[in-house]
Amino acid sequence: MGASWSGNLNDLETNPYIQRLIGQFSIDLHDGFWLEFLTFHLIAPCSSSGEKNMEELIRSVNVVFGKILKLQYIMSSKSEIHASLFISTVYGYVAARNNLSTGNFGAMIRFLLDHIQSWIKADRYFDNHSALITYNCLLIIRYVCKYQFEVLREETIVKQFLSSSRHPQIKITSETNSKEDVTKKLSGFEYKNNEAIKQTDMMRIADEILSSNSQNNSQHFADDAGKESKLNEDTNMIAEEKLLEVFMKDLMNIIATFPIVKNTYYIHYEAINIILILLSAEMYNPKSSYFSPFYKVIMAQKSIALNVVRCLLDNFMRQIPPPKKVSLYLNSGLFYSIGSTVASGLWAMISRANSTPEDTRKSPLALQSLLLLLALSSHHIQEDGNNNPFRCLLFRLGTEESEANAEAKSSCSKTSMASSSQDLSFNLNQLYVAICRELHSDETTLLLYLLLHRNPHFASYVLARVDIDALVMPILKLLYSAEEKNSHHIYMALIILLILSQDNGFNNSIHVLILPSVPWFTERSLNNITLGGLLILIVIRTIQFNMAKMRDKYLHTNCLAALANMSAYFRALHPYVAQRLLSLYALLSKKHARVSENMRRYTSKQSSNKASEEFVASSEEYNESNDYVVDLAILEEVIRMVLEILNSCLTHSLRYNPHLIYAMLHQKELFTQFRTHPIFQEIIQNIETVLSYFNSRLEETGESNLSVDTVFKVINEGAQLWPCDRLKKFPDLRFKYVEEDRPEEFFIPYVW
């Protein structure tokens, strides 16, 4: 063990340990090579430029081995192949080709399983050397898997897990699956530059792997839910076709049972990252989760799924920072250099909105735990998600014992998860506090959406909170800085507000809660504004931002739907809120007038041109005409909704909103524009009825120059005497959020 390599990145190309690992000769499971190779200390860079240099150094290894493999390929097939296939990975291509005969990748996994077993039996979680070996092995396996997914087909990657050594050093225990059977199963596996295997073959192979695994399942883990999983006593006895599931169970077991202490922090992190990489097939092959062997193996972990979901949520809630001084890692920045290349990097690559530098994250483990939970919950969601135990359990977490027993006959119980015997209770208070604290991030916003929309127990708990402002204020602050956020984040925040606005209790409570000040609102000073008033203000601001920048009809719809749901409960609207409501209506009215005038001029021009015998309408002119029609229709729909919101407020809560009445009286000429418009006429009549009533009350005072205080006194007195039956009745405005038929098409890219 004393002859271990230094971990110096500059000698990777000539390092004898790496050359032997990816070479053409098998390494015995009990060879001293493993302990020597895995007892290395990597001094990691602490800056982003250092991280990039390390990546380049690691990839440079492949330049050497890639040239060798390219030469071998050309000599054997007499065909050319682009060199980028070989420069794109350090282990993935070269090691994969050799591993089919050496089985060194499988041997390394078996060594890891054996080492973890010994470590757990000795109960030495605080042992630096054991932690170092485990961490280094997980790290290398992650790199192998990462680059394999980048350059190889998924079926070829499966082959790496099922390959044994040229001179077998393991015992095949399966009676029904011989070495020849496994070879036959994999006869269709090819690299990415060859013909793709059919999806049906992938599904067949995945089913065969799970079938063979289930025959001897008791050898490795106890099936009883709620009991701690036990590792196999002899990793040599694990058959090739069972290795993938055993490995997956051990990764899940690390997450669910290992204590998070100084020496195991990064071990948890690497276990999570490896699972994320195995789930990353979706990035390279959309919809692959429906036939992927890796997904099927992961989704088959029903017995430990509940503990995994609990632990991932617990990691997120606790936000444990990385240990500052860990002797076995030598550098506290290890996560930020090597560990940031996968899950959090995938998130940044797809969402393009990870503006927070990785080295400023408070808890990398919390972030990766949340990413894994979202990834596990966002796949296999067809058929009510019954085939996804992680998703099903996440959406039932927080259920009381009596409710859990009642739900035993629900659709989720069809997955044979022993629903009635599982303890689904959870500390929803800690989860609520953690979500409120971390709502500035995309990942947390998506988690909140999933729980509010799919977990009725969590939704009921949130809506019953008296401190609902702790949840709403971060969302409003997020929307206030919409220009700095990506569209996914804005959509999620607005959908959350729409879901919350569906509850009458929420709509009542937010107009009772008074905010003394709003420091982050810099446009003007807001003192003693209700939470509901601030919500209205921010949503209106979002609509105006969308009109100016994004021009997204879907965003308009969500904003107006949330305002419509709350309109009957508007109370004590702040003067600035009332002003902004009317400003929005005025802006829309002016835009409607402008589009109508442009359309009238265009129609007049077309009529003049048609009088000419040589007139022929071009496609551009036709598109221009169609654009005017579409824009006008959208504008009229939005204006109608704004007028309905004002009418709903006047119908149900006129007496509670004197500032809105005052603002409408002050700008009453705004409503004359659509007095005879067929789409708006009925609503305008209601509004003008209210304005006429208060105008007559003001005229009865006999004074021509009324003070502001006098006007408000007249409004308040008139509101108390207002006859409610004078307005025409319209249906109550009630909108409900409905998820798309295939939501994974939106959420899966959002997760990655």
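Accessible areas here come from the Shrake-Rupley method with a 1.4 Å probe, and for residues only the protein chains shown count as cover. This is a predicted model, in which local features need pLDDT of at least 70 and side-chain atom pairs count only at pLDDT 80 or more, while totals for chains, interfaces and linings use all residues. Residues are numbered from 1 along each chain as its sequence is written, and side-chain values use heavy atoms, with hydrogens and water left out.

**Figure 1. The whole chain, before we zoom in.** The accessible surface of the chain comes to about 32,200 Å², and 51% of that belongs to carbon and sulfur atoms. Of the 752 residues, 56% are buried (buried means under 20% relative accessible area, exposed over 50%, partly exposed in between, with a 1.4 Å probe and protein chains only). The chain has 34 helices and two strands; these are DSSP runs numbered from the N terminus, helices being H or I with at least four residues and strands E with at least two. Contact means heavy atoms within 4.5 Å. Among contacts between residues at least 6 apart in sequence, 78% join residues at least 24 apart.

**Figure 2. Helices α31 and α32 pack against each other.** Two packed helices are described by the angle between their axes and the distance between the axes. Helix α31 (residues 658-666) meets helix α32 (residues 681-699) at an angle of about 90°, and their axes are 10 Å apart. That makes α31 roughly perpendicular to α32. Axes are lines fitted to C-alpha atoms, for helices over the stretch in contact, and angles run from 0 to 180 degrees between N-to-C directions. Angles under 35 degrees count as roughly parallel, over 145 as roughly antiparallel, 65 to 115 as roughly perpendicular and the rest as oblique. From α31, the contact uses I661, M664 and L665; from α32, it uses I687, V690, L691, F694, N695 and L698. By class, this contact has eight nonpolar, one polar and no charged residues (Ala, Val, Leu, Ile, Met, Phe, Trp, Tyr, Cys and Pro count as nonpolar, Asp, Glu, Lys and Arg as charged, and the others, Gly among them, as polar).

**Figure 3. Helix α8 and its residue V158.** Helix α8 (residues 154-162) is largely enclosed by the rest of the structure, because eight of its nine residues are buried. Look for V158 in this helix: its relative accessibility is 1%, so V158 counts as buried. The C-alpha atoms of V158 and P293 are separated by 7.6 Å, although the two residues are 135 apart along the chain.

**Figure 4. An aromatic cluster of F33, W34, F37 and F111.** Rings of Phe, Tyr and Trp (its six-membered ring) pair if their centres lie within 6.5 Å; planes under 30 degrees apart count as stacked, over 60 as edge-to-face and the rest as tilted. The structure holds 20 aromatic pairs. One of them is the stacked pair of F33 and F37, 5.3 Å centre to centre with 10° between the planes. Both residues lie in helix α2 (residues 33-38), four residues apart, about one turn of the helix. W34 and F111 are stacked too, at 6.1 Å centre to centre and 25° between the planes. This pair links distant parts of the chain, with W34 in helix α2 and F111 in helix α6 (residues 104-122), 77 residues apart. Both W34 and F111 are buried.
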